[in-house]
Amino acid sequence: MSFQPALFREYDTDNVFARILRFELPCQKIYEDGWALAFYDIQPKASIHILVIPKGPYCDASHFHQVATSEEILGFYKACEAVVKDQGLYKRGYRAASHCGTEAGQEVFHFHVHLMSGAPL
Ligand code: AMP
């Protein structure tokens, strides 16, 4: 089966999460390793609302899944799971979600996974 990568939007190096990665903006950091950074969402939609972002320049989930290396993808999702474990989310139950594109409600065009737990899920 041949695989044709989609045409992606241009990555904006001045998006908020890129600026957090460059230490130009603060964040409430929860976890960091070579592949990912996790921090609290500034406008939480649940009692626990964490964002996990890869360190590489990817606009959204599809861009990341199609263009990132297998190492980056594995490292990123292992980091998500480390956050889930460290924060006790697996015990409580949690939602992992990613908005891809403006029609899906994406506002920041640096790929991120929302980890939400607690009321009002
Ligand atoms: P999305 O709609 O999936 O693009 O979600 C972007 C999320 O980023 C929203 O939930 C915002 O509240 C959150 N957000 C925006 N700016 C910041 C920031 N400086 N620090 C932490 N979270 C942010």
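Two strands pair if DSSP finds at least two bridges between them. Strands (E, at least two residues) and helices (H or I, at least four) are DSSP runs, numbered from the N terminus. In β5, Leu115 is the bridge partner of Ile50.

This is a predicted model: local features need pLDDT of at least 70 and side-chain atom pairs count only at pLDDT 80 or more, while totals for chains, interfaces and linings use all residues. Residues are numbered from 1 along each chain as its sequence is written, and side-chain values use heavy atoms, with hydrogens and water left out.

**The sheet**

- An open sheet is built from 5 strands in the order β1-β2-β3-β5-β4, with antiparallel pairing.
- Its edge strands are β1 (29–32) and β4 (95–97), each of which pairs on one side only.
- Neighbouring strands are turned by 20° against each other on average, direction ignored.
- Strands of a sheet pair through backbone hydrogen bonds, either parallel or antiparallel.

**Strand by strand**

- β1 and β2 are antiparallel and share 3 bridges. Lys29 stands opposite Phe39 in β2.
- A hairpin of 3 residues joins β1 to β2.
- Strand β2 (residues 36–40) runs antiparallel to strand β3 (residues 48–54), and 5 bridges join them. Leu37 faces Ile53 of β3 as its opposite residue.
- β3 and β5 are also antiparallel, joined by 5 bridges.
- Between β4 and β5 there are 3 bridges, again antiparallel. Ala97 stands opposite His114 in β5.

**Burial of β5**

- Buried means under 20% relative accessible area, exposed over 50%, and partly exposed in between (1.4 Å probe, protein chains only).
- In β5, 5 of the 5 residues are buried, so the strand is largely enclosed by the rest of the structure.
- Both faces of β5 are covered. Val113, Leu115 and Ser117 are buried on one side, His114 and Met116 on the other.

**Around the ligand**

- The ligand has 17 residues around it; Asp41, His99, Glu107, His112 and His114 come nearest. A residue counts as near if one of its heavy atoms lies within 4 Å of the molecule or strand in question.
- A polar contact is a pair of N or O atoms within 3.5 Å. Within protein, one atom must be able to donate a hydrogen and the other to accept it, and residues adjacent in sequence count only if both atoms are side-chain atoms.
- A polar side-chain atom of His99 is 2.7 Å from an oxygen atom of the ligand.
- The side chain of Lys45 has an N or O atom 2.8 Å from a ligand oxygen atom.
- For His114, a side-chain N or O atom is 2.8 Å from an oxygen atom of the ligand.
- His112 is in the loop between β4 and β5 (113–117). His112 is buried, with a relative accessible area of 6%. Its side chain reaches the backbone oxygen of His110 at 2.7 Å.

**Aromatic residues**

- Rings of Phe, Tyr and Trp (its six-membered ring) pair if their centres lie within 6.5 Å; planes under 30 degrees apart count as stacked, over 60 as edge-to-face and the rest as tilted.
- The structure holds 7 aromatic pairs.
- The ring centres of Tyr58 and Phe64 are 5.3 Å apart and the planes stand at 70°, so this pair is edge-to-face. Tyr58 and Phe64 are both buried.
- Phe64 and Phe76 also form an edge-to-face pair, with 5.3 Å centre to centre and 70° between the planes.
- Phe64 lies in helix α2 (residues 61–67) and Phe76 in helix α3 (residues 70–86), so the pair ties together parts that are 12 residues apart in sequence. Phe64 and Phe76 are both buried.
- One aromatic cluster is formed by Tyr58, Phe64, Phe76, Tyr77 and Phe111.
- The charged end of Arg9 sits over the ring of Phe109, 3.6 Å from the ring centre. This description applies if NZ of Lys or CZ of Arg is within 6 Å of the ring centre and within 35 degrees of the ring normal.

**Backbone at Phe23**

- Most residues other than glycine have a negative phi.
- Phe23 is not a glycine, yet has a positive phi of about 65°.
- Phe23 is found in the loop between α1 (16–21) and β1. Phe23 is exposed, with a relative accessible area of 73%.

Conventions:
Axes fitted to C-alpha atoms, helices over the stretch in contact; angles between N-to-C directions.
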